[in-house]
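Reader: I have a structure to go through for class. Could you please take me through its charged residues?

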Amino acid sequence: MPLIKRIIEPRHLCRGALPDGVTSELECVTNSTLASIIQQLGSLSRHAEDIFGELFNEANHFCIRVNSLQERIDCLAIKVTQLDSTVEEVSLQDINMRKAFKSSTIQDQQVVSRNTIPNPALEMYQQCDKPPPLNILTPYRDDRKDGLKFYTDSSYFFNLWKEKMLQATEDKRKEKRRQKLPLPGQHLSRPTISHSRLQNTQSLNSIEQKLVEDATREVKKVRKARNRRQEWDMMARDKEFRPDHRFSPSPYHATSSEGSVSPDTRSFVFDTLHSNSVASVANHGGQ
């Protein structure tokens with residue numbers, strides 16, 4: 001609720017009751033209006049004087065603070081100009097041994113109090129009606145509370161502000177405690193994460209070990225499986241009736257990949273060589 005600091009009176013210039021026995025009402029109203037205007041101008045001049053007085057006090061206080069700040073700046077400028085980093089060497093130990101800077105600024109306290117009430121507000125307060133004497137009923141109360149505070153309590157707003165500040169501080173403290181405490185399911189999820197990480201590490205190690213073994217292992221050619229009966233049938237046919245006469249199995253190529261004759265084709269190779277040698281001898285003898 002806004003508080004009116006200054007009131008210019010009278011507010012209504014022409015409003016008023018005429019006295020009895022007035023012969024000229026117009027002249028009476030004109031004179032009363034003129035008197036109200038003069039009274040209003042006097043009230044306005046008084047408030048103007050009070051306003052200029054407050055401005056003068058605030059300007060004087062501001063000037064004092066500026067002068068104090070200027071003196072501090074001048075002292076600091078003199079100290080800075082006297083310092084020489086090339087001559088004076090300050091060690092880290094000396095810096096730690098020095099006392100920390102402490103400001104000597106005095107903070108204003110009890111700004112809103114009975115002593116700091118402006119003059120117009122103090123005049124309005126003095127013109128107000130006094131509260132009823134309810135404090136005489138305090139001894140008859142069971143809770144021993146001041147009876148006057150139920151009618152007017154000047155410390156109500158301060159107590160309300162104090163309760164809100166204490167509640168905000170308590171809420172912040174609870175929030176910090178809640179952040180420090182672990183969540184209900186947090187202790188269950190940690191072993192699962194560590195177990196999965198362990199499994200991933202083991203799988204990576206096994207893969208690396210397999211790669212190393214594959215790199216060091218010698219590549220060996222595996223001998224193809226051969227069917228002796230099928231080879232005999234193919235050799236018994238002519239070249240035209242073989243499945244692929246261009247790549248007919250030769251007894252000289254019927255060896256394994258390692259350069260040795262397989263046990264299945266060893267007898268077949270010997271028989272073929274023997275028959276070829278006999279045929280060549282017969283041909284030479286006939287010629």
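Reader: Is Arg6 buried or exposed, or something in between?

Author: Arg6 is partly exposed, because its relative accessible area is 23%. Buried means under 20% relative accessible area, exposed means over 50%, and partly exposed lies in between, with a 1.4 Å probe and protein chains only. Please note that this is a predicted model, in which local features need pLDDT of at least 70 and side-chain atom pairs count only at pLDDT 80 or more, while totals for chains, interfaces and linings use all residues. Residues are numbered from 1 along each chain as its sequence is written, and side-chain values use heavy atoms, with hydrogens and water left out.

Reader: Which side chain meets Arg6 in a salt bridge at 2.7 Å?

Author: That is Asp50, with 2.7 Å from N to O. A salt bridge is a side-chain nitrogen of Lys or Arg within 4 Å of a carboxyl oxygen of Asp or Glu. The pair links distant parts of the chain, since Asp50 is in helix H1 and Arg6 in the segment before H1, 44 residues apart. Helices are DSSP runs (H or I, at least four residues), numbered from the N terminus.

Reader: And is Asp50 buried or exposed?

Author: Asp50 counts as buried, because its relative accessibility is 17%.

Reader: What about Glu54 and Arg6, how far apart are N and O there?

Author: The side chains of Glu54 and Arg6 meet in a salt bridge at 3.2 Å. Glu54 lies in helix H1 and Arg6 in the segment before H1, so this pair ties together parts that are 48 residues apart in sequence. Glu54 itself is partly exposed, with a relative accessible area of 24%.

Reader: Where does Lys5 come in, and which residue does it pair with?

Author: Lys5 forms a salt bridge with Glu54, and their closest N and O atoms are 3.4 Å apart. Lys5 lies in the segment before helix H1 (25-82) and Glu54 in H1, so the two tie together parts 49 residues apart in sequence. Lys5 counts as partly exposed, at 33% relative accessibility.

Reader: New topic: where is Lys176?

Author: Lys176 is in helix H4, residues 156-180. Lys176 counts as exposed, because its relative accessibility is 56%.
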